[in-house]
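Student: I have just opened a structure I have never seen before. Could you walk me through how to read it?

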Amino acid sequence: MTESTAVVENLKVKQKLFTELEAKVGEKCLLVTNTSSFLLEDVACKLGAAKREQFGGLHFFNPVPAMKLVEVVRGSGTTDAAYNALIDFCQKLGKTPVKCMDTPGFIVNRLLIPYLADSMRLAESGNATRRDIDTAMRLGTGYPMGPFELMDYIGLDTMKFIMDGWHQRCPDDHRYSPCESLDNLVTIGKVGRKSGEGFYRYAK
C-alpha cells in the first residue's frame, strides 16, 4: 500500500500530516510526498526510524495527465525495496521515472529556478526586455515558453515561495537571492495568469 500526499507547500503542515498518517497506516505502507521545494529529510524528520525507511518522494509535473515525467526521490533512509516500488508504481501509471537523491529542487527545479532568476536579473539590468528574453529562449532553445511566460504560468507567488525558502537555507548562494521585480509584483498581488496579471497581462 502507498499513501501519497499533495497538500499545500508548508513544511509544518506536511510534517503534521505525515505524523498523523504514521499512526494510522500499516508498517509496510509507503508514505510519499509530492513536494517540489522541501528536502525529504525535513518533511520526514518527525517520523520514526522504521517509517523513514518507507518514505520517498514522487514529484509529478503539471498538468499531471499530460506530463510524462516523475522525479522519484530517495531519502537518506529509504530502503531499496521501497524505492524500487515507487519506480514500479510510476511505470505502471505510464510515466517516465527519473531517479534523484534528496537534494534541493531535485533535478528539474534545481536547474530551472536559477535559470528563471537569471532571466529576471537580466531584465532588471536593462540589457534586454522581458519580451525579447522570452522570444530568444523560445526560438533559440526550442523551449515551449520563455522564462517570464513560464513564471506567470507557474505563479509568481509560488516562484517567490521557492526562492525565499532556498535563500533562507542557502543564504550565501547568489542563485537564490531575491529578485526585486518578482518581490514587487507579488506584493501588489500580480502573481501571473491566475490573477490576470504578472509579468504580462492576460484577458479574463
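**Reading the fold, step by step**

Tutor: Let us begin with contacts, meaning heavy atoms within 4.5 Å. Among contacts in the protein chain between residues at least 6 apart in sequence, 64% join residues at least 24 apart. This is a predicted model, where local features need pLDDT of at least 70, side-chain atom pairs count only at pLDDT 80 or more, and totals for chains, interfaces and linings use all residues. Residues are numbered from 1 along each chain as its sequence is written, and side-chain values use heavy atoms, with hydrogens and water left out.

Student: How many helices and strands does the protein chain have?

Tutor: Helices (H or I, at least four residues) and strands (E, at least two) are DSSP runs, numbered from the N terminus. The protein chain has nine helices and five strands, in the order β-α-β-α-α-β-β-α-β-α-α-α-α-α from the N terminus on.

Student: Which residues touch the most other members of the largest nonpolar core?

Tutor: A nonpolar core is a set of buried Ala, Val, Leu, Ile, Met, Phe, Trp, Tyr and Cys residues joined through side-chain atoms within 4.5 Å. Buried means under 20% relative accessible area, exposed over 50%, and partly exposed in between (1.4 Å probe, protein chains only). Here the largest core has 24 residues, and those touching the most other members are Met120, Met151, Leu156, Met159, Met163 and Leu182. Helices H5 (108-125), H7 (147-154), H8 (156-169) and H9 (180-187) each give two or more residues to this core. The largest share, six residues, comes from H5. Apart from this core lies another, of 14 residues, including Phe18 and Phe55.

Student: What is Leu182 in contact with, leaving aside its neighbours within four places in sequence?

Tutor: Leu182 is in contact with Met120, Glu124, Leu156, Met159, Lys160 and Met163.

Student: Why is H7 called largely enclosed?

Tutor: Six of its eight residues are buried, so H7 is largely enclosed by the rest of the structure. The buried ones are Pro147, Phe148, Glu149, Leu150, Met151 and Asp152. They pack against H5, helix H6 (130-141) and H8. Just after H7, Gly155 takes a positive phi of about 110°.

Student: And is Val8 buried or exposed?

Tutor: Val8 counts as exposed, at 55% relative accessibility. You will find Val8 in the loop between strand E1 (2-5) and helix H1 (11-22).

Student: How much of the protein chain is buried?

Tutor: Buried residues make up 42% of the 204 residues.
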